[in-house]
Amino acid sequence: MKLKSTVLLAALAVILPLAAQAQNVAIVNGKPVPKARVNTLLQQANRSGQPVTPEMESRARDEVVLREIFAQAAEKAGIPASADFKAQLELLRQTVLIRELFADYQKKHQPSEADAKAEYEKIKVASSGTEYHARHILVETEDEAKKLIEQIKGGASFEELAKKNSKDPGSAENGGDLDFAKPETYVPEFGQALAALKKGEYTQTPVKTQFGWHIIKLEDTREAKFPAFEEVKPQIMQRLAQAALQKYQEDLKNAAKTDYKFSAGE
């Protein structure tokens, strides 16, 4: 019986250190580095959208061991006793607390499918209507615009004149092409002039905006296209979650009793 006990104790003496090692990445100057630190680093990377790969796991292990080496050196140098360290540590503590508070809130307040569909319908209604495929030529003066209009009336190509004369770097190379858009996406003067045109027409008089003088041509119109719900569901869910978090933050701010006056931008 005594022999069996001795064997058992010997086995435990071997097994227990191995079990402890399984919980640690390494021992640095006699102090264990818990594997939990690696898991925390990997969780943070995963939260930010980075895929956790074997290479990343290896880098995380290196990181926590290096941190322990450097942290021990800082302890030995008396850094934790400094006022600057204590002030920074408090800010860091608050940062982690706030981050975890907001993460916990979002985890418990995920938008529902019904909320997302309702938001989808609101956006869809706001985005419906007619889209206009426009071209334009932008110049600095009214006289320049009038001369170009006369050339177009004489048979000159609108597209070629745009390439040679338009001051709009975003569309000049493509013959003034602005693709399909709703009139209200443009500055009011431009949008109103565009909406008044019929397919194939161009403005007979220059249109003045804050950017200069325009000659506008309407190529075509179509009913606005809108993606299916499933295509945009992730973006809508994210948008709703962010809006809910912002409201939560605002509610906390308004409920707090403080003599501090926030700036207008807050």
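Me: Why is glutamate 131 called buried?

Reply: The relative accessibility of glutamate 131 is 14%. Buried means under 20% relative accessible area, exposed means over 50%, and partly exposed lies in between (1.4 Å probe, protein chains only). The value of 14% is under 20%, and therefore glutamate 131 counts as buried. The model is a predicted one, in which local features need pLDDT of at least 70 and side-chain atom pairs count only at pLDDT 80 or more, while totals for chains, interfaces and linings use all residues. Residues are numbered from 1 along each chain as its sequence is written, and side-chain values use heavy atoms, with hydrogens and water left out.

Me: Where is glutamate 131 found, and which residues does it touch?

Reply: Glutamate 131 belongs to strand 3, residues 130-139. Strands (E, at least two residues) and helices (H or I, at least four) are DSSP runs, numbered from the N terminus. A contact requires heavy atoms within 4.5 Å. Leaving aside residues up to four places away in sequence, the partners of glutamate 131 include Phe180, Ala181, Asp220 and Arg222.

Me: What makes strand 3 largely enclosed?

Reply: Nine of the ten residues of strand 3 are buried, so the rest of the structure largely encloses this strand.

Me: What makes strand 4 and strand 5 edge strands?

Reply: Four strands form an open sheet in the order 4-3-6-5, with antiparallel pairing. Strand 4 and strand 5 (207-209) each pair on one side only, as edge strands do. On average, neighbouring strands of this sheet are turned by 40° against each other, direction ignored.

Me: Which strands does helix 6 touch, and across which strands does helix 7 lie?

Reply: Helix 6 (residues 142-153) packs on the sheet and touches strand 3 and strand 6 (212-223), its direction making about 50° with that of strand 6. Helix 7 (residues 158-165) lies across strand 3 and strand 6, at about 50° to strand 3. Such angles run from 0 to 180 degrees between N-to-C directions, and the axes are lines fitted to C-alpha atoms, for helices over the stretch in contact.

Me: Why is phenylalanine 158 called buried?

Reply: Phenylalanine 158, a residue of helix 7, has a relative accessible area of 4% and is therefore buried. Its contacts, not counting residues up to four places away in sequence, include His136, Ile152, Tyr202 and Ile216.

Me: Why is asparagine 29 called exposed, and what is the class of aspartate 179?

Reply: Asparagine 29 has a relative accessible area of 70%, so it is exposed. It is found in the loop between strand 1 (24-28) and strand 2 (31-34). These two strands form a hairpin with two residues between them, and asparagine 29 in the turn has a positive phi of about 55°. Aspartate 179 has a relative accessible area of 46%, which means that it is partly exposed. Aspartate 179 lies in strand 4 (residues 177-181) and has a positive phi near 60°, although it is not glycine.

Me: What makes a space a pocket, and which residues lie nearest the centre of the largest one?

Reply: On a 1 Å grid over the protein atoms alone, a pocket is an open set of points with protein on both sides within 12 Å along at least five of seven lines, and lining residues have an atom within 4 Å of a point. The largest pocket is lined by 23 residues, of which Arg37, Arg67, Leu89, Leu92 and Val96 lie nearest its centre. Helix 2 (35-47), helix 3 (54-76) and helix 4 (83-108) each give two or more residues to this lining.

Technical notes:
1 Å grid on protein atoms, 1.4 Å probe; cavity = no way out; pocket = protein on both sides within 12 Å on 5 of 7 lines; lining within 4 Å. Pairing = 2+ DSSP bridges.
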